[in-house]
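This report walks through selected features of the structure shown below, moving from aromatic pairs to strands, a helix and charged side chains.

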Amino acid sequence: MNTRPDPILLDLPASLETERLVLRVPRPGDGPVVYEGVRESLEMLRPWMIWAQGEQSVASAETFAREAAVQFLRREAMPLLIFGRLDGRFIGGHGINRMDWDVPAFEIGYWVRASEAGKGYITEATRAVTDFCFATLGAARVAIRCDARNRRSAAVAERCGFTLEVRLRRWARDARGELADHLVYSMIRSEWEAHQRPGQP
Amino acid sequence: MTGQPPDPRHLPPYIQTLRLLMRPLGPGDGPALFAAAQESREHVYPFMPVIFNLQSVEEAERLARRAWIDWWAGRAYRMALWRRKDGALVGTAALHHGRWDVPRFELGCWIHAHHAGHGFATEATRALIALAFEVLGVQRLEIRCDHRNLASQRVAEKLGFTFEGRLRAHNRAADGVLVDEMVYALLADETIP
């Protein structure tokens, strides 16, 4: 099937807004603010996030920001930084990690900085990114995958109305090198449309 | 030992089963592969787009040589299935889409239309399961297929794979239809019936 247009030609917004948040694609210069958020959160992130294992620095965060901007332009991924809508403070990371334009299907992921955890920001951001995938990108499927022991991540998926589809046994090595099961949650287009109808839960 | 592909010189150069001689796909296999693909197009459709899409002997030969490179690099292990009694190519079977850090691989198999229904897929798959667990040190083996592909689901169940779940609207099949992906897995310490 080569009938679809090259996604690089799609004009997409580089930011999304919610009640309390602005989510936008990283750009050069974001390194320092991202690093500050990562540094205070390493204890929370390291059990789950492969990217958080290595030495973190302003330079590594800046590299992430620049590569993220390029991935977005290539329409290979859409990494997002979460900021407070009123004060612009940095809250965490979100975004589409994988884009399969043939389906189209998207996989999303997220993290929150330690000092902003527990306020419902990730749930709010996940709802917005999910809506964006279906409404703007025309998704047939949106998925969330996480380590089966990462209860907080799974809880976000469940709160946002995603369905647990599969437990992939021994899917990956965790940060300590142990084999870990992963969970895949998804929402398909018909479910999202049902949620959109007013008067329905 | 995990995390590293084995030295390809230590891999078996072929695998013999009751009825099959399984050899890594490689240089010279293009003509037989192309002929088999041509003959079974309708049968394969729509589950095996790669083989289905082969347009020429040259393309098939390229595929076979790439498979040989992947074998040496430890990226994928693709084998041609030759029937021992007459040397007919009855299909191909592969360990592919792998990751060495776990390590895990996906099992794929395709049987020529004229030779379907004789249990060749089960026979070849059993041999690849042994290669994966006993030689390559694989922890997790998967069979994934289109939800419409009942033959693959039967093979998975017959070989003791556990059905783990159904990924809804996961793929756009070669015929353009949105399909679910069925995920089956067998772990290294699980026994094969």
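This is a predicted model: local features need pLDDT of at least 70, side-chain atom pairs count only at pLDDT 80 or more; totals for chains, interfaces and linings use all residues.

Over all chains, the count of aromatic pairs comes to 10. In the pair made by W68(B) and W72(B), the ring centres are 6.1 Å apart and the planes stand at 75°, so the arrangement is edge-to-face.

## An aromatic pair between two strands

Y77(B) and F105(B) also form an edge-to-face aromatic pair, with 5.9 Å from centre to centre and 65° between the planes. Because Y77(B) lies in strand β3 of chain B (residues 77-83) and F105(B) in strand β5 of chain B, this pair ties together parts that are 28 residues apart in sequence. Y77(B) counts as buried at 0% relative accessibility, and F105(B), with a relative accessible area of 1%, is buried as well.

## Strand β6 of chain B and its partners

Strand β6 of chain B (residues 140-146) has seven of its seven residues buried, so the strand is largely enclosed by the rest of the structure. Strand β5 of chain B (residues 104-111) runs parallel to β6(B) and is joined to it by three bridges; within this pairing, E106(B) has E142(B) as its bridge partner in β6(B).

With strand β8 of chain B (residues 178-187), β6(B) instead runs antiparallel, and seven bridges join the two. Here the bridge partner of R144(B) is V183(B), which lies in β8(B).

## The connecting helix

Since 12 of the 16 residues of α5(B) are buried, the helix is largely enclosed by the rest of the structure. Among the buried residues of α5(B) are F120(B), E123(B), L128(B), I129(B), L131(B) and F133(B). Just after the helix, G137(B) adopts a positive phi of about 70°.

## Aromatic and charged side chains involving chain A

In chain A, one aromatic cluster is formed by W51(A), F83(A), F90(A) and W111(A). The charged end of R75(A) sits over the ring of F72(A), at 4.5 Å from the ring centre.

R113(A) is found in the loop between β6 (111-112) and α4 (121-135) of chain A. Its relative accessible area of 9% makes R113(A) buried, the cut-off for that class being under 20%. The side chain of R113(A) makes a polar contact of 3.0 Å with the side chain of E40(A).

How values were computed. Residues are numbered from 1 along each chain as its sequence is written. Chains are lettered from A and ligands numbered from 1 in the order in which they are written. Side-chain values use heavy atoms; hydrogens and water are left out. Buried means under 20% relative accessible area, exposed over 50%, partly exposed in between (1.4 Å probe, protein chains only). Helices (H or I, at least four residues) and strands (E, at least two) are DSSP runs, numbered from the N terminus. Two strands pair if DSSP finds at least two bridges between them. Rings of Phe, Tyr and Trp (its six-membered ring) pair if their centres lie within 6.5 Å; planes under 30 degrees apart count as stacked, over 60 as edge-to-face and the rest as tilted. A charge sits over a ring if NZ of Lys or CZ of Arg is within 6 Å of the ring centre and within 35 degrees of the ring normal. A polar contact is a pair of N or O atoms within 3.5 Å; within protein, one must be able to donate a hydrogen and the other to accept it, and residues adjacent in sequence count only if both atoms are side-chain atoms.
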